[in-house]
There are 2 protein chains.
Amino acid sequence: MVGAKILIIDDEAPIRKLLRVTLEAHGYTTLEAVSGQNGILKATMERPDLIILDLGLPDMDGVEALSQLREWCFAPIIVLTVRDDEAGKVFALDHGADDYVTKPFGMGELMARIRVALRHVGNQADEPVLVIGSLTIDLARRIVEKNGEPIRLTPIEYDLLKTLATNAGRVMTHRQLLQQVWGEQNYETASHYIRIYVGHLRKKIEDDPNRPQLLTTEPGVGYRLIAHS
Amino acid sequence: MVGAKILIIDDEAPIRKLLRVTLEAHGYTTLEAVSGQNGILKATMERPDLIILDLGLPDMDGVEALSQLREWCFAPIIVLTVRDDEAGKVFALDHGADDYVTKPFGMGELMARIRVALRHVGNQADEPVLVIGSLTIDLARRIVEKNGEPIRLTPIEYDLLKTLATNAGRVMTHRQLLQQVWGEQNYETASHYIRIYVGHLRKKIEDDPNRPQLLTTEPGVGYRLIAHS
DNA sequence: AACGATCTTTACGCCTTTTTGACGTGGCTT
DNA sequence: AAGCCACGTCAAAAAGGCGTAAAGATCGTT
């Protein structure tokens, strides 16, 4: 991908400058952020094709930033760090990082790893916007629209819809939904929540909430959001 | 991707063994090749989901093997090597390698990098769909169709059909079915359930429920779902 | 302090699924 | 031929899942 847009999240000015100069010499365009919050904001606004994230940020834990980015952002993320412990690497890689480079690093290697990461997404041009029937879900802006009209959703309603939508077409069991939306809970008491919030969601997204077309019940198993269509 | 098939191309037996044991402990299935030629052959024959390639091969240059694999093989390739020169890394990454790990490496890190690589191809991997005559069973989506028409099944009906279908062609005894579907029970009382639910299933999947073609009775033993068509 | 929005809890009616029980059939043995 | 056993079907009872409404509880904001 030529001329890809790359976001650099790092608090150290010299590193940022080094990266910026090198990347631009290779034909990429760059964005910079000096903190985690700022980085997440820039990622939301600018939709970069790739993100270079330094884990040693002043304002928040690097892995926390990683997790927040991965909630909606599909762009590859290359983690940069001075720490060389294996546990940290594994943790970052399992939380959404696509690669992990330890400082001090060779610029040539980093550039090659960037090319690999961009090769992976190369053609598919992933817009973080899901479309299900007349419903559009913009994960980055956290906006849900039905026939172009924005829909107000409470946090839990949104998380529930997001979980269903990112797995559109397949059944999400009660247990899976509880774990994703509420974060692990005792099953019996909580399985009731789901019915209530599915009811709320249907009132907001279905044409006829009594005869659900998008969000269907799989008796005894869970719920399913139909795929694309 | 659980149970992915991983091909190990390495001429050193101890390394192969270490990788095999670790990978299989993580639930993967493994293949092994001791040379480049052999590796390319095995990749052609077995279509692994991922390849671990040691660059220090006796019979051919590692990058040459890499290039030959990439001519037709889209599975992710993780390169393993003792050399730590940056030029080699860049060369390998630019010639189709998806990742590059330098020996001695941490097993945890390698496993994490394997998970990342499999995550990239994960969603586009073909789903397991069983086909029995005019019946299709999509295990991932939990959808059963007969002549293209979806069929509604209750949880027990579905579990029963799934058990029979994953063992299509062979007889499932009453005891096996009870254990799979109901989860161990006293045999005498429960063997009755099976007849009832087999009856339900036949009504839904057979053309003529009175003359079963797909789901046949093995008197005194159990039931059998015919294999494929 | 009061308000509004959201989340949690409680209650209830409906419906599907599961279990239970009863009965008929056909084949095999005695 | 009678009796037994495994199989198949039917239908009623029991259990439990599903959906809705509405009353507390919680939190942040004005």
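Analyst: Happy to. Let's start with B:Asp99, which is found in strand β5 (residues 99-102) of chain B; helices (H or I, at least four residues) and strands (E, at least two) are DSSP runs, numbered from the N terminus. Before going further, note that this is a predicted model, in which local features need pLDDT of at least 70 and side-chain atom pairs count only at pLDDT 80 or more, while totals for chains, interfaces and linings use all residues. Residues are numbered from 1 along each chain as its sequence is written, chains are lettered from A and ligands numbered from 1 in the order in which they are written, and side-chain values use heavy atoms, with hydrogens and water left out.

B:Asp99 has a relative accessible area of 6%, so it is buried (buried means under 20%, exposed over 50%, partly exposed in between, with a 1.4 Å probe and protein chains only). Its side chain is joined to that of B:Arg113 by a polar contact of 2.9 Å. A polar contact here is a pair of N or O atoms within 3.5 Å; within protein, one must be able to donate a hydrogen and the other to accept it, and residues adjacent in sequence count only if both atoms are side-chain atoms. Leaving aside neighbours within four places in sequence, B:Asp99 is in contact (heavy atoms within 4.5 Å) with B:Ile77, B:Ile78, B:Val79, B:Leu93 and B:Arg113, and across in the other chain with A:Asp99 and A:Arg113.

Now look at A:Asp99, which lies in strand β5 (residues 99-102) of chain A. At 6% relative accessibility, A:Asp99 counts as buried. Its side chain has a polar contact of 3.0 Å with the side chain of A:Arg113, and another, of 2.7 Å, with the side chain of B:Arg113. Among the residues that A:Asp99 touches, not counting those up to four places away in sequence, are A:Ile77, A:Leu93 and B:Asp99.

Next, the DNA. Around DNA strand C there are 18 residues, of which A:Arg152, A:Thr154, A:Tyr193, B:Thr154 and B:Tyr193 come nearest; a residue is near a strand if one of its heavy atoms lies within 4 Å of it. Of the atoms of DNA strand C within 4 Å of the protein, 73% belong to sugar or phosphate. A polar side-chain atom of A:Arg152 lies 2.9 Å from a phosphate oxygen of DNA strand C, and one of A:Trp182 lies 3.3 Å from a phosphate oxygen. A:His192 instead has a polar side-chain atom 3.1 Å from a base nitrogen of DNA strand C. Two or more residues of this surface come from each of α6 (155-166) and α8 (187-205) of chain A, and of α6 (155-166) and α8 (187-205) of chain B. By class, the surface has 12 nonpolar, four polar and two charged residues (Ala, Val, Leu, Ile, Met, Phe, Trp, Tyr, Cys and Pro count as nonpolar, Asp, Glu, Lys and Arg as charged, and the others, Gly among them, as polar).

Turning to DNA strand D, 24 residues surround it, and the closest are A:Arg202, A:Thr217, A:Tyr223, B:Thr217 and B:Tyr223. Sugar and phosphate account for 62% of the atoms of DNA strand D that come within 4 Å of the protein. The surface near DNA strand D has six nonpolar, 12 polar and six charged residues.

Finally, the aromatic rings: the structure holds four aromatic pairs over all chains. Rings of Phe, Tyr and Trp (its six-membered ring) pair if their centres lie within 6.5 Å; planes under 30 degrees apart count as stacked, over 60 as edge-to-face and the rest as tilted. B:Trp182 and B:Tyr193 form a tilted pair, because their centres are 5.5 Å apart and their planes are at 40 degrees. This pair links helix α7 (residues 174-182) of chain B to helix α8 of chain B, 11 residues apart. B:Trp182 is buried at 19% relative accessible area, whereas B:Tyr193, at 34%, is partly exposed. B:Trp182 also pairs edge-to-face with B:Tyr197, at 5.8 Å between centres and 65 degrees between planes. In chain A, ring pairs link A:Trp182, A:Tyr193 and A:Tyr197 into a cluster.
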